[in-house]
Amino acid sequence: MGALVGMVQAGIVAVASLSVVGYGIAAIGPGLGIGFLVGKAVESMARQPETAGVIRTNMFIGIGFVEALALFGFVLAFIAK
Amino acid sequence: MIGLIFARAGFKAPTTQDFVWPCIGPHLSIFGANACINKEVLLMFLAGLIVVVLFIGAFRKPKLVPTGLQNFMEVVVDFVQNGIVLEVVGRQGLPYVPYLTTLFFFVFVGNVFGIIPGLQFPVNSRMAMPLFLALLSWVLFNVAGVRRHGWGGYTKMVLFPSGVPWPMYILVTPIEFVSTIIVRPITLSVRLLANMIAGHLLLTIFFVGTAYLLQPSITSLFAVASFTLGTILVAFELFVAGLQAYIFTILTAVYLAGALSMEH
C-alpha cells in the first residue's frame, strides 16, 4: 500500500515536471525570435545611428509581441497540472 | 524508493499559492465571488495614492523653472509624450497623453512594489489588475476609433481592410476580428501578469533557498551563492518593472495609432 502511494506521488511529480519540460521546449521559439529581432535591430542601429530612436521603439514593440508567446507557455505550465 | 528520490527533503518550493493572501477584516459575498480587503488590495490603493500624490504635488503650483519633484515628474511626462506618443501615434495622439502617463506610472509603481523591502509583492502579479488595465486600454482604443471613423467606418477598417480581393474576406475577416478584438486585451494582460509572477517566483525561490541552505552549516557556501544571485536579480527586477510598464504603455499607443489612422 505504502509503495503504491509512493509510486502515485512520484507519478504526480513526474507529470508536473513534464509540464515544465514542455515550457522549456516552448521557450525555444520565442528565444530564437527575440535573438534575431534584437540582433537585427542592433545591426541597423550600428549602420544608421541617427535612426536609433525609431528602431529601438519598434524593437520593443516586436519584443512585446514575441515575448507574449513564451509567457503563454509559462502561464499554461502553471494552469495545466 | 522512487518517492524518496523525487521528494525534495524538507524544502518547500514556492508555488502560485504564495500569491493568495488571507482576508483582513470582513468579507462580502457578491454573486458567489468572495470580495474582501487583503494585502493585494491595500497595495493597489497604496499605488494609486502614490501616483495621485506625486502628480498633484508636482504640478499643483508649477514653476517655470522646475525644481525637485516637478523636475522628476516632468521627465516622466516628457518621456511618455515624446518617447511614446509622438513617436508612435503622432500629433493626433496628444489628447491621450494624460491617460498614458498615468497608466505608465501606475503600472511601474505596482511593479516596483515587488522589490521594495516590507511590501515585496508586485501588485500586477494577480490577474485582476493587468486584466482591468488591459480592458481599459481596449475600451479606449475602440472608442477612439469609433469616434474618429464612425461605427461603420471603424468596423470596415478593422474587419475589412482595403486592398484585399473580396473572396479573401472569408479568411481575413475572422482572423482580424480575433486578433484585434479578442486576443489584444488577453496578450496585453498576460504579458504583464506572467512577467510579474515569474519575477516574484524567481526572487522567492532564491531567498527561500538561501534560508534553507543556511540551516545545516555545511551548505552555507551555497547559501552565499544563492544570496548573491538573488541580490543581482533584485536589480534585474527593477529593470523588468520599468520595461514592462514601457511595453504596456507603448502597445496601448500602438493599438491607439491603429484605431486612429486613416488607412489600415
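## A tour of chains B and A

Begin by selecting helix H4 of chain B, residues 97–112, whose 16 residues reach 22 Å from the first C-alpha to the last, close to the 22 Å expected at 1.5 Å a residue. Keep in mind throughout that this is a predicted model.

With H4(B) still selected, show its side chains and look for the residues that are buried, among them B:Leu100, B:Leu103, B:Phe104, B:Phe105, B:Phe106 and B:Phe108, together with B:Thr101, B:Gly110 and B:Asn111.

Now select the whole of chain B, where you will find seven helices and two strands, running from the N terminus in the order α-β-β-α-α-α-α-α-α. The C-alpha trace of chain B spans about 70 × 60 × 40 Å along its principal axes, and its radius of gyration is 23 Å, whereas a compact globule of 264 residues would have one near 18 Å. If you colour chain B by burial, buried residues make up 29% of the 264; of the contacts between residues at least 6 apart in sequence, 63% join residues at least 24 apart.

Finally, move to chain A and select helix H3, residues 52–79, whose 28 residues should span 40 Å at 1.5 Å a residue, which agrees with the 40 Å between its end C-alpha atoms. Centre the view on A:Ala68, where H3(A) bends by about 30°, and then pick out the buried residues A:Gly64, A:Glu67, A:Ala70, A:Leu71 and A:Phe74 in this helix.

Terms used. Residues are numbered from 1 along each chain as its sequence is written. Chains are lettered from A and ligands numbered from 1 in the order in which they are written. This is a predicted model: local features need pLDDT of at least 70, side-chain atom pairs count only at pLDDT 80 or more; totals for chains, interfaces and linings use all residues. Helices (H or I, at least four residues) and strands (E, at least two) are DSSP runs, numbered from the N terminus. The radius of gyration is taken over C-alpha atoms; the globule rule is 2.2 Å times the number of residues to the power 0.38. A residue is buried if 20 or more other C-beta atoms lie within 10 Å of its own, exposed if 12 or fewer, and partly exposed in between; C-beta atoms are placed from the backbone. Two residues are in contact if their C-beta atoms, placed from the backbone, lie within 7 Å. The expected span of a helix is 1.5 Å times one less than its number of residues. The bend at a residue is the angle between axes fitted to the seven residues ending there and the seven starting there.
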